[in-house]
Amino acid sequence: MAADHRISRIVRLLEGMYGRRPRRRFGDPLGGLIATVLSRHTSDINSHNAYKNLRRAFRTWRECMSAPVRNIEQSIRCGGLAGQKAKSIQAILRQLKADRGRLSLDFLGRWPLERARQYLLSLPGVGPKTAACVLLFHLGKPALPVDTHVHRLSRKLGLIADDASAEEAHYLLEPLCPKRLIYPFHVLLIQHGREICRARRPCCDECVLSPLCPSRLSFKS
């Protein structure tokens, strides 16, 4: 079965289990980029609180860009790696101001996908996953973020080679996935990876994807 047909079937089966996932856009791509930086290596609730504290501490991104870095660190400390993330945030804001003259990423909405992706990747510390999150969730473009669940399940399902790295997976998976299915494929695979196909103890007997999964026998044994 061709990869795009397999992905279509995977999405249908997961929608049958978890319900449909219509695409959502969250607006403000610059805010989305900063929030994604804050989400690295921490929980959703910690990164949400760090972003909320950051916006409370600085009324504008210009204030954040010009503030002493220690003030940013203090505001985002609950998200972990505060020193590293504070420096990344300021570096991104300063680069954007130098490039475009204003602190906004709204212009990317008018650009083709690949041009927008390459601009995001040119910003300090922005990798394929961060760029894809901004493109998908905040700009409504068909980019596929590959987090740990999407990476692990895609390998187990035989969509990509078992030795493909997470970074390689961005460039391997996205062309395989029909554009209209990128959003539900991403969010449903994450939910399935958290609830059923867990890394240590996958529940293969409860998995609706079992008929499609070449890895199921090794895990059951």
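In the predicted model, the structure holds 1 cavity of 30 Å³ or more. The largest cavity has a volume of about 130 Å³. A total of 16 residues line the largest cavity, and those nearest its centre are Lys 156, Cys 197, Cys 204, Cys 207 and Cys 213. Two helices, H9 and H12, each supply at least two residues of this lining. When the lining of the largest cavity is divided by class, 11 residues are nonpolar, 3 are polar and 2 are charged.

The open spaces of the model were examined next. The largest pocket has a volume of about 1300 Å³, and its lining is made up of 38 residues. Nearest the centre of the largest pocket lie Thr 36, Ser 39, Asp 44, Lys 129 and Cys 133. Several helices contribute two or more residues each to the lining of this pocket, namely H2 (29–38), H3 (44–57), H8 (128–139), H9 (148–156), H10 (166–176) and H11 (182–195). Of these elements, H8 provides the largest share of the lining, with 6 residues. By class, the lining of the largest pocket comprises 18 polar, 11 nonpolar and 9 charged residues.

In general, two packed helices are described by the angle between their axes and the distance between the axes. For helix H1 (residues 3–18) and H11, the axes come within 10 Å and cross at roughly 60°. Because an angle from 65 to 115 degrees would count as roughly perpendicular and one under 35 degrees as roughly parallel, H1 is oblique to H11. The crossing of H1 and H11 is left-handed.

Confidence in the prediction was considered last. The protein chain averages a pLDDT of 93, and 97% of the residues score at least 70. Within the chain, helix H7 (residues 113–122) has the highest confidence, at a mean of 98, whereas the lowest is found in helix H12 (residues 216–220), at a mean of 57.

Technical notes. Residues numbered from 1 in each chain as written. Predicted model: local features only at pLDDT ≥ 70, side-chain atom pairs only at ≥ 80, totals over all residues. Heavy atoms only, no water. pLDDT = per-residue confidence, 0-100. Helix = DSSP H or I, 4+ residues; strand = E, 2+ residues; numbered from the N terminus. 1 Å grid on protein atoms, 1.4 Å probe; cavity = no way out; pocket = protein on both sides within 12 Å on 5 of 7 lines; lining within 4 Å. Points joined across faces, edges and corners; volume = space filled by probe spheres on them. Nonpolar A, V, L, I, M, F, W, Y, C, P; charged D, E, K, R; others polar. Axes fitted to C-alpha atoms, helices over the stretch in contact; angles between N-to-C directions. Parallel < 35°, antiparallel > 145°, perpendicular 65-115°, else oblique. Left-handed = near helix turned anticlockwise from the far one by under 90°.
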